[in-house]
Amino acid sequence: MPARNGVQAAAMVAHGFTGVEDVFSGERNFFVAYGHSPDPAEARAGVGERYEIMNADIKRWAVGSPIQAPLDSLLELIRAQRIRPEEVERLIVRVAHLGAKHHGQPTMPDICMQAPRAP
């Protein structure tokens, strides 16, 4: 998404779109857009000491966040134990309660961990 958004922003500028000079000021600023009260001091807190990149995750898989960790674990099992699909009879997945909330809804395939049922 960040790469796509950057390309989209560059394309918009190339086609004459304009924007504000300071996204942190004005009535519809960054803080209002993200539901925070406009507090520039809060935005500067921890600069040079706290690096938010350390709190970020790398989204390796093209699926929803609840099943990122299970897929990472599965890949590690395949690599470390050299497991092949025909050797697996069943797989039990345990996730944090927040991740388990939507995991089995076939209407949300990006976060569904259930095997498809045979017709």
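Modeller: Phe 30 is partly exposed, with a relative accessible area of 37%; partly exposed sits between buried, under 20%, and exposed, over 50%, using a 1.4 Å probe and protein chains only. Keep in mind that this is a predicted model, where local features need pLDDT of at least 70, side-chain atom pairs count only at pLDDT 80 or more, and totals for chains, interfaces and linings use all residues. Residues are numbered from 1 along each chain as its sequence is written, and side-chain values use heavy atoms, leaving out hydrogens and water.

Searching the whole structure turns up 1 aromatic pair (ring centres within 6.5 Å, with the six-membered ring used for Trp). That pair is Phe 24 with Phe 30, 5.5 Å centre to centre with 70° between the planes. It counts as edge-to-face because the planes are over 60 degrees apart; under 30 would be stacked, and the rest tilted.

Next, have a look at helix 4, residues 68-81 (helices are DSSP runs of H or I, at least four residues, numbered from the N terminus). Gln 68 belongs to helix 4 and is buried, at 11%. Its side chain reaches the backbone nitrogen of Arg 60 at 3.4 Å. Setting aside residues up to four places away in sequence, Gln 68 touches Lys 59, Arg 60, Trp 61 and Val 63 (contact means heavy atoms within 4.5 Å). Leu 74 also lies in helix 4, but Leu 74 is partly exposed, at 34%.

Terms used. Helices (H or I, at least four residues) and strands (E, at least two) are DSSP runs, numbered from the N terminus. A polar contact is a pair of N or O atoms within 3.5 Å; within protein, one must be able to donate a hydrogen and the other to accept it, and residues adjacent in sequence count only if both atoms are side-chain atoms.
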